[in-house]
Amino acid sequence: MRIEQDLKLGFKDVLFRPKRSNLKSRSQVELTRDFTFKHSGRQWSGVPVIAANMDSVGSFKMGKVLAEHGCLTAIHKHYTVADWAAFVAESETKTLNNVMVSTGTSDADFQKTQDIMALSDEFVFICIDIANGYSEHLVEYVQRVRAAFPDKVISAGNVVTGDMVEELILAGADIVKVGIGPGSVCTTRVKTGVGYPQLSAIIECADAAHGLGGRIIGDGGCSCAGDVSKAFGGGADFVMLGGMLAGHTESGGEVIEQDGKQFMKFYGMSSESAMAKHSGGVAKYRAAEGKTVLLPFRGTVNDTISDILGGVRSTCTYVGAAQLKELTKRTTFIRVQEQENNVFGKE
């Protein structure tokens with residue numbers, strides 16, 4: 001047993017220090033980023049915000065709407081191949097270029113991924129997603145997927161330390177997904193005692209990935225637009241959002257009426273709700289590691305994503321970053337014990 005003494009930080013532990021800027025308007029900020037990925041050699045241009053591959057967030061409808069904003073959607077893995085075929089038939093190239101095909105790591109998952117990818121040459125991204133990215137099985141699976149799809153952009157995770165980021169990139173991942181336990185409906189830290197404060201995880205993993213020419217996704221922990229900016233400021237190339245994009249028309253969640261008001265069910269993908277829906281219940285050998293909540297129904301996601309991106313643009317003006325790619329170079333975080341004045345409650 002050993003104890004690391006270095007303090008690790010989450011989004012609520014810091015604020016940006018403002019810096020002199022020659023930007024006159026938020027409209028001058030360019031959020032589009034251009035990436036060329038290490039292994040696939042693929043080029044992609046867009047706004048690097050991703051809807052999470054949760055079945056109450058990462059839906060086909062979400063993919064279509066976010067593509068119009070230049071953003072990505074990691075489509076959840078519970079759609080059938082027939083569902084995907086129908087989606088391909090009715091979708092434009094721009095939409096197909098901006099969705100990620102999510103998969104687990106079983107032989108059945110591999111076959112299904114092959115079947116889905118065969119539907120269209122326009123698919124660019126594969127998202128290999130398991131809760132515990134420290135399994136050697138994930139490394140082997142990344143190698144297998146890379147061999148099968150040498151020209152596709154492969155994301156793999158989740159991990160929170162630089163050593164595993166490096167191992168996954170060397171195995172063939174273009175992007176590594178970073179985050180264990182920070183999500184709003186994730187209870188991994190409570191059930192297992194395992195986790196890593198998300199901002200420190202992003203800072204350390206970005207350093208490891210960029211040293212090898214790889215990229216990272218900051219996955220989880222964002223509760224407001226300012227947190228999205230902090231993830232980018234910490235070095236995340238992409239930021240994945242779950243709860244912030246849940247509860248909308250396009251989210252795919254179950255709508256429930258209570259006392260004349262509409263709510264949408266939102267739950268973690270390791271929750272009892274998710275496992276009852278997709279796996280016949282919680283297996284006897286494991287515990288559920290997610291919770292289920294009801295969110296007020298919020299209508300279309302268009303206003304929400306515009307608000308998030310507007311907040312990031314505003315961050316850039318405060319620190320003098322004319323482009324999103326400059327934000328991390330212009331970032332100085334200050335540690336704080338107070339984030340906001342809540343005398344009238346949270347927004």
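1. UniProt, in an unreviewed entry, lists Gly181 and Gly183 under "binding site". That annotation may be inferred rather than shown by experiment. The model itself is predicted.

2. Gly181 sits in the loop between β9 and α7 (188-192). Its relative accessibility is 13%, so Gly181 counts as buried. The cut-off for buried is under 20%. Leaving aside neighbours within four places in sequence, Gly181 is in contact with Cys186, Thr188 and Arg189.

3. Gly183 also lies in the loop between β9 and α7. Its relative accessible area is 24%, so Gly183 is classed as partly exposed. Partly exposed covers the range between the buried limit, under 20%, and the exposed limit, over 50%.

4. Asp174 belongs to another loop, the one between α6 (162-171) and β9 (175-178). Asp174 counts as buried because its relative accessibility is 0%.

5. What does the side chain of Asp174 make a polar contact with at 2.6 Å? The partner is the side chain of Arg146. A polar atom of the Asp174 side chain also lies 3.4 Å from the backbone nitrogen of Lys38.

How values were computed
Residues are numbered from 1 along each chain as its sequence is written. This is a predicted model: local features need pLDDT of at least 70, side-chain atom pairs count only at pLDDT 80 or more; totals for chains, interfaces and linings use all residues. Side-chain values use heavy atoms; hydrogens and water are left out. Helices (H or I, at least four residues) and strands (E, at least two) are DSSP runs, numbered from the N terminus. Buried means under 20% relative accessible area, exposed over 50%, partly exposed in between (1.4 Å probe, protein chains only). A polar contact is a pair of N or O atoms within 3.5 Å; within protein, one must be able to donate a hydrogen and the other to accept it, and residues adjacent in sequence count only if both atoms are side-chain atoms. Contact means heavy atoms within 4.5 Å.
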